[in-house]
Amino acid sequence: MFSQGETETTDRRKVGSSYEKIAAAYLANRGYQILACNYRSRQKKEIDLIALEGDCLVFAEVKFRSDARKGDPAEAVNPEKQRRIRMAAGQYLLEHPEYGQLSCRFDVVAILGAEIRLIKDAF
């Protein structure tokens, strides 16, 4: 049996996963080629979405808030989160040398209620 904390964590993961799928579809509709969802590096760092946009490799973080009471979802991509994403991106590039010559970019897909906002080159 799960404790209350484990149940909440499982529920958050399910919700997060559903919004990552929405974000992937949103990006695909804008011409991005989705390469990976929920990439996890050896150091247990995660990138929500990895995609190609033209000749640019995009590492995208997805953040969702049902409303603005907890602030803008993009604000949750703080400097520590950015550092972890950069570390995971470095590992991804080591594992996938075929993308090593491409320029890289870090985007944020911020979902607030039903509104989706793409912030290109967010950090």
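A salt bridge here is a side-chain nitrogen of Lys or Arg within 4 Å of a carboxyl oxygen of Asp or Glu. The model is a predicted one, in which local features need pLDDT of at least 70 and side-chain atom pairs count only at pLDDT 80 or more, while totals for chains, interfaces and linings use all residues. Residues are numbered from 1 along each chain as its sequence is written, and side-chain values use heavy atoms, with hydrogens and water left out.

The structure holds ten salt bridges. One of them joins Arg 105 to Glu 53, with 2.7 Å between the closest N and O atoms. This pair links distant parts of the chain: Glu 53 belongs to strand S2 (residues 46–53) and Arg 105 to strand S4 (residues 103–112), 52 residues apart. Helices (H or I, at least four residues) and strands (E, at least two) are DSSP runs, numbered from the N terminus. Arg 105 has a relative accessibility of 12% and therefore counts as buried; the classes are buried under 20% relative accessible area, exposed over 50%, and partly exposed in between (1.4 Å probe, protein chains only). Glu 53 and Arg 105 are also linked with Asp 107 and Lys 120 in a network of salt bridges.

Two strands pair if DSSP finds at least two bridges between them. S2 pairs with strand S1 (residues 33–40) in the antiparallel sense over six bridges, and Leu 52 of S2 stands opposite Gln 33. The hairpin of S1 and S2 has five residues between the strands, and Lys 44 there takes a positive phi near 65°.

S2 also pairs with S3, in the antiparallel sense over five bridges. Glu 53 has Cys 56 in S3 as its bridge partner. Two residues lie between the strands of this hairpin, where Gly 54 takes a positive phi near 65°.

The N to O distance is 3.5 Å, and both Glu 61 and Lys 81 are buried.

Within H2, Glu 80 and Arg 84 lie four residues apart, about one turn of the helix. Their salt bridge has its closest N and O atoms 3.6 Å apart. Glu 80 is partly exposed, with a relative accessible area of 35%, and Arg 84, at 29% relative accessibility, counts as partly exposed.
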